[in-house]
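Here are my comments on the model, as numbered points. Please read them with the structure open.

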Amino acid sequence: MWAWYDIYDLKKMKVNQKELEVDLESIGKQNILITKANFYTVIFKGVALTPKLNGRNGFEKDGVSAYIDEDNHLWVGVNEN
């Protein structure tokens with residue numbers, strides 16, 4: 001089962017890099033880095049995730065995922081299994 005968290009409204013991102021500290025209910029405080037070039041990339045729990053790369057949205061690797069919804073909000077997910 002996945003736990004999903006809406007962490008950032010990408011419409012507010014005015015620079016190419018943003019670091020966030022967020023408190024995620026099931027795993028506690030996390031530092032998350034968002035970068036913007038041709039695609040957004042999220043570094044979450046030490047894993048680089050690039051939603052929409054090669055048409056993959058959400059982008060999942062090593063039990064974590066990132067997703068950009070239709071309102072341009074960035075979500076991260078953790079596989080709790």
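1. Start with Y67, which is partly exposed because its relative accessibility is 28%. Keep in mind that this is a predicted model.

2. Searching the whole structure gives two aromatic pairs.

3. The cut-off for stacking is an angle under 30 degrees. W2 is partly exposed, at 30% relative accessible area. W4 is also partly exposed, at 38%.

4. W4 also pairs with Y67, here edge-to-face. The centres lie 6.5 Å apart, with 70 degrees between the planes. W4 belongs to strand 1 (residues 2-9) and Y67 to strand 7 (residues 64-68), so this pair ties together parts 63 residues apart in sequence.

5. Now turn to T50. This residue sits in the loop between strand 5 (47-49) and strand 6 (59-61). Is T50 buried or exposed? T50 is buried, because its relative accessible area is 14%, and the cut-off for buried is under 20%.

6. What does the side chain of T50 contact? It makes a polar contact of 3.1 Å with the side chain of T41. Leaving aside residues up to four places away in sequence, T50 touches F39, Y40, T41, R56 and F59.

7. The charged end of R56 sits over the F59 ring, 4.2 Å from the ring centre.

Definitions and conventions
Residues numbered from 1 in each chain as written. Predicted model: local features only at pLDDT ≥ 70, side-chain atom pairs only at ≥ 80, totals over all residues. Heavy atoms only, no water. Helix = DSSP H or I, 4+ residues; strand = E, 2+ residues; numbered from the N terminus. Buried < 20%, exposed > 50% of the residue type's maximum accessible area, 1.4 Å probe, protein only. Polar contact = N/O pair within 3.5 Å; in protein donor to acceptor, adjacent residues only side chain to side chain. Contact = heavy atoms within 4.5 Å. Phe/Tyr/Trp six-rings, centres within 6.5 Å; stacked < 30°, edge-to-face > 60°. Lys NZ or Arg CZ within 6 Å of the ring centre and 35° of its normal.
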